[in-house]
Amino acid sequence: MLKKVLVGGIVLVILLIIITLWIIFPFDSVSDVEVCSCTEDLDCGDFNTQEDAQVCFEYCGPEDVHRLDGNKDGVVCESLE
Ligand SMILES: [Ca+2]
């Protein structure tokens, strides 16, 4: 009887740990690969290609959080082309 309660308690603790981990690291964060940081201040120099900068701009959009599009034509970092 006591053994059953003990096993049940351990299973409950393990389940609680798994649920806690789910809350801290949700599954979608694994599949939702971060293209770039939208909070860090990035410049065109931080990207290897214009395409990379463009993808980041669209990912963080619609605001130009990194101010990569100086002339506001929707194309960022023309200098990298
Ligand atoms: Ca532009």
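Modeller: Start with C77. It counts as buried because 23 C-beta neighbours lie inside 10 Å. Buried means 20 or more other C-beta atoms within 10 Å of its own, exposed means 12 or fewer, and partly exposed is in between; C-beta atoms are placed from the backbone.

Colleague: Which residues make up the largest nonpolar core?

Modeller: Seven: F47, A53, C56, F57, L68, V76 and C77. Such a core is a set of buried Ala, Val, Leu, Ile, Met, Phe, Trp, Tyr and Cys residues joined through C-beta atoms within 7 Å.

Colleague: Back to C77. What about its phi?

Modeller: Positive, about 45°, although C77 is not a glycine. R67 also has a positive phi, about 50°. Most residues other than glycine have a negative phi, and most peptide bonds are trans.

Colleague: Which residues does a cis peptide bond join?

Modeller: G61 and P62, with omega about 5°.

Colleague: New topic. How is the protein divided?

Modeller: Into domain 1 (1–32) and domain 2 (34–81), with bounds from an automatic or database domain assignment. Their centres, taken over C-alpha atoms, are 40 Å apart.

Colleague: What is the average pLDDT?

Modeller: 89, and 91% of the residues score at least 70. pLDDT is the predictor's confidence in each residue, from 0 to 100. This is a predicted model: local features need pLDDT of at least 70, side-chain atom pairs count only at 80 or more, and totals for chains, interfaces and linings use all residues. Residues are numbered from 1 along each chain as its sequence is written.
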